[in-house]
Amino acid sequence: MAPISGPRPGAAVSRDSVLRGRVAVVTGAARGIGEALTRRLSGAGMHVALLGREARTLHAAAASLRTPNLCFECDVTAPDALDEAARQVADRLGDASVVVANAGVAVGGPFRLTDAGLWRRVIDVNLVGSANTARAFLPQLARTRGYFLQIDSTAAFGAAPMMSAYCASKAGAESFAQALRGEVEPDGIAVGIAYLHWTATDMLTGLDEHPVLRALRAHQPRFARRVHTSERVADWLAAGVERRAAHVYAPPWLRWCQPLRPLFPVLVARVARREMRRVPAAGFAAGTGVMGAGGRADWEAYTSSAGDRSAPPP
């Protein structure tokens with residue numbers, strides 16, 4: 001656990017944000033979108049708790065923040081660890097007003113070639129981990145009449161072959177957040193779902209090595225192919241947090257895709273079939289495994305803690 005740190009000398013903190021002085025919790029905060037969002041929320045004057053798997057990068061991210069903060073290295077699939085994190089947040093920063101379920105991992109490659117444990121890990125982190133996060137912090141959000149933001153993906157719009165675990169987990173996370181919204185509204189808790197498109201995180205490093213994803217992106221309109229930086233996505237997310245938005249779209253034009261969602265599975269399947277007929281089976285097998293440094297760190301920590309020395313390399 002990192003000590004609480006105050007603002008850096010000379011750091012300017014927004015004085016007009018409704019978020020100023022409140023407490024935010026962000027999972028998956030060690031890198032990528034989570035790290036960028038902690039900076040954005042800190043810039044709005046929030047006190048921030050960073051939860052993640054990689055202690056070194058987690059503390060480095062916290063060191064750049066302008067406002068009081070703390071780090072907690074934990075696995076979102078471990079309810080006891082999240083309960084302890086929630087207790088520490090309440091004791092040292094105060095009850096959370098904003099909780100962002102951002103932790104996520106992805107695996108690419110054919111379902112039949114993907115290790116069953118690795119496939120299940122994606123579901124556990126992306127879906128079960130979000131539910132665990134909500135369960136641990138809902139009592140605090142009820143006291144603050146706060147806001148829970150589920151980070152989701154356009155993968156929930158139309159499932160892509162070679163990404164079965166990720167797409168299933170994101171569709172499940174969306175449904176979970178929708179169900180939770182109706183349950184907690186009487187307690188004054190708002191629930192938002194953020195739909196992210198192509199974002200420049202380490203998860204997408206080597207995107208063009210995955211033939212189906214490369215083909216899907218190539219068949220999108222030019223404006224839809226753009227890969228946005230984590231910082232730009234964090235700006236959209238922070239604006240949604242400030243509005244307690246039911247839906248956050250990153251980029252904003254995605255809102256116009258909602259009415260067209262019934263068409264997406266058909267379109268995705270058509271492009272995928274064409275690409276899978278064109279590319280030899282070996283081309284898909286070569287891309288099987290964990291995507292991104294954050295995902296590899298999670299898998300290595302998980303297999304190490306489980307004593308599973310026979311786990312296949314990511």
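## Terms and basis

A residue counts as buried under 20% relative accessible area, as exposed over 50%, and as partly exposed in between, with a 1.4 Å probe and protein chains only. The model is predicted, so that local features need pLDDT of at least 70 and side-chain atom pairs count only at pLDDT 80 or more, while totals for chains, interfaces and linings use all residues. Residues are numbered from 1 along each chain as its sequence is written, and side-chain values use heavy atoms, with hydrogens and water left out.

## Overall fold

The protein holds 11 helices and nine strands, taken as DSSP runs (H or I of at least four residues for helices, E of at least two for strands) and numbered from the N terminus. Of its 314 residues, 53% are buried. Where contacts (heavy atoms within 4.5 Å) link residues at least 6 apart in sequence, 72% of them join residues at least 24 apart.

## A buried arginine

R121 belongs to helix α4, which spans residues 116-144, and it counts as buried because its relative accessibility is 3%. Leaving aside residues up to four places away in sequence, R121 touches R53, D75, T77, V105, D298, W299 and Y302.

## A partly exposed leucine

L260 sits in the loop between β8 (247-250) and α9 (264-278), and it counts as partly exposed because its relative accessibility is 41%.
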